[in-house]
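Hi everyone, thanks for coming.

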Amino acid sequence: MRDLEILTETDKEALELPRTSVEENNNTGKRKLYIESYGCQMNFSDSEIVTSILQEGGYATTANFENADVILLNTCAIRENAEQKVRNRLNNFGYLKKKRPDLVVGVLGCMAERLKTKFLEEEKIVDVVAGPDAYRDLPNLLNEAEDGQKAINVFLSKEETYADISPVRLNSNGVTAFVSIMRGCDNMCSFCVVPFTRGRERSRDPYSIIKECQDLLDNGFKEVTLLGQNVDSYKWTSAELPSHKGEGSGGEVENVNFAQLLEKVALISPDLRIRFSTSHPKDITDEVLYTMKKYDNICKYIHLPAQSGNSRILKLMNRTYDREWYINRIDAIRNILGEDCGISQDMITGFCSETEEEHQDTLSLMEYVKYDYGYMFAYSERPGTPAAKKLADDIPADVKQKRLAEIIDLQLKLSLERNDRHVGKVQKVLVEGFSKRSEDFLQGRNDQNKVVIFPKENYKKGDYVMVEIQSCSTATLKGEAVKS
Ligand code: SAH
Ligand code: SF4
Ligand code: F3S
């Protein structure tokens, strides 16, 4: 779902560093909006929807918060440190607001939804609070705030998918884009705040998804990542359309599952690469795996969070699968898509009552799967979640950290092994831009989502280039373009 690097809790902070809107238009006279996003790709994708709604509402975006009339923070509540980061940032803006009392500060996203009116009580500088399903109401909420009132809408919807809104691509490289295919989550993993902050799961209609992907292709984009908290449970039925509701509507009812959606998107063009995230081990089907196999443009990479390698802990986490089930899904991936398919994980260390032996099961699962990379976290208790209500957060912080360090060390070793498999092979790379270190080199990704760096020559952003891999580190592959 995310970036290539193996992320520790601290590195993750780097990834979660705010990204700001950089679309700077000549919009003299319009009110200026500055938006910063934290958390997962869904939030970044939502910020693009928010920007679209507010541009329609007469705002222009700015990359400089000091010029802004409205500052919005799109927040994450997944771990305590994610929330702390937002509070620190609000403190910074507090100084600005003292100088400019007319500045409007709004908080969006998961932390807004979790804290609701408490936000207005706890953080005096906040004027507007809007949850993930309330973004259409933002123009009104901002108007109220500009009139000097506090404004809040944290209503969670069972239907909202923002299907009709064309996102304004922020920080875009012009090559890769996120497309949201569903919202919310109906799983109740006991540690997780997302079902409370994003509400019930709902799937966006396939027609608007395909149209958005086609528009991206028409505008020069070459890769889409289909986003949802649990993409494998994507399920849409035309019976939901107004024309099918009520008496005698007639017509065939069309049902679309995730494998079928993937196929529809793959058929748009062989030149459009498709990725998706996140898959859930309980729901990923062989049908999805065979669809991936059938289309070259569906990338052979699956992010399949395990959370733990121990069945007792998985039960306490309410993940609804056990170690054997997870291994069965890994075996299916290897059998259907082959050894080279990239697989990444999310793991949590020090979940309630986890013993040393159970932690060893996580390490042995990692050895079994040989993950290409991973996102690893120490358990952070979230208020209101089933685990916070029923289970004691009884693993001391230093033990959580020690276990975290062990799984990170193992993942680094596995990543190097997995990256080494590519050395000597020729890989198709989609160029995303210059390498971070030098404009003499380009950077892109191979099918397995690994960053590949190679000399620029005459290639450019958006090109597919066949690159012979010559060396690797834990995080990147290096090579040279092969002449055809
Ligand atoms: N929908 C995705 C995950 C979304 S949250 C899935 O089901 O896999 C991203 C990751 O954050 C989770 O996979 C989990 O590893 C981690 N996470 C979630 N809640 C957490 C908590 N309370 N403490 C530590 N890590 C957590
Ligand atoms: Fe959270 Fe579980 Fe839903 Fe993922 S599947 S968002 S971890 S409740
Ligand atoms: Fe964070 Fe909400 Fe995403 S809690 S991880 S921004 S769904």
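**Around the two ligands**

Okay, let's start with ligand 2, which has Cys185, Asn187, Cys189, Phe191, Cys192, Val194, Pro195, Gln229, His280 and Arg319 around it; a residue is near a molecule or strand here if one of its heavy atoms lies within 4 Å of it. Before I go on, a word on ground rules: this is a predicted model, where local features need pLDDT of at least 70 and side-chain atom pairs count only at pLDDT 80 or more, while totals for chains, interfaces and linings use all residues. Residues are numbered from 1 along each chain as its sequence is written, chains are lettered from A and ligands numbered from 1 in the order in which they are written, and side-chain values use heavy atoms, with hydrogens and water left out.

Back to ligand 2. How does its shell split by class? There are 6 nonpolar, 3 polar and 1 charged residues. In this scheme Ala, Val, Leu, Ile, Met, Phe, Trp, Tyr, Cys and Pro count as nonpolar, Asp, Glu, Lys and Arg as charged, and the others, Gly among them, as polar.

Now ligand 1. It has 16 residues around it, and those that come nearest are Gln229, Pro305, Gln307, Asp346 and Ser380. Gln229 puts a polar side-chain atom 2.8 Å from a nitrogen atom of ligand 1. I'll call that sort of thing a polar contact: a pair of N or O atoms within 3.5 Å, where within protein one must be able to donate a hydrogen and the other to accept it, and residues adjacent in sequence count only if both atoms are side-chain atoms. Asp346 has a side-chain N or O atom 2.5 Å from an oxygen atom of ligand 1.

**Two sheets**

Next, strands. Helices (H or I, at least four residues) and strands (E, at least two) are DSSP runs, numbered from the N terminus, and two strands pair if DSSP finds at least two bridges between them.

Have a look at the open sheet, which has 3 strands in the order β15-β16-β17 with parallel pairing. Its edges are β15 (301-303) and β17 (373-378), and each has a single partner strand, so one side of each has no neighbour in the sheet. From one strand to the next, the twist averages 10 degrees. Strand β16 (residues 342-349) is joined to β17 by 6 bridges, and Ile348 has Phe377 in β17 as its bridge partner. Helix α15 (residues 397-420) packs on this sheet and touches β16 and β17, its direction making about 175 degrees with that of β17. Contact means heavy atoms within 4.5 Å; axes are lines fitted to C-alpha atoms, for helices over the stretch in contact, and angles run from 0 to 180 degrees between N-to-C directions.

The other one closes into a barrel: 5 strands in the order β18-β19-β20-β22-β21, with mixed pairing. Here the twist averages 55 degrees from one strand to the next. Strands β19 (residues 441-445) and β20 (residues 451-455) run antiparallel, joined by 5 bridges, and Gly444 sits opposite Val452 in β20.

Is Gln427 buried or exposed? It counts as buried because its relative accessibility is 10%; buried means under 20% relative accessible area, exposed over 50%, and partly exposed in between (1.4 Å probe, protein chains only). Its side chain makes a polar contact of 2.7 Å with that of Asn446.

Then there's Asn74 in strand β4 (residues 70-75), which is buried at 0% relative accessibility. Its side chain has a polar contact with the side chain of Ser47 at 3.0 Å, plus a polar atom 3.1 Å from the backbone oxygen of Asn43.

Last one: Arg169, in the loop between β7 (151-153) and β8 (176-180). Arg169 is buried too, at 16% relative accessible area. Which side chains does Arg169 contact? Glu48 at 3.2 Å, and Glu212 at 2.7 Å.

That's my tour, thanks!
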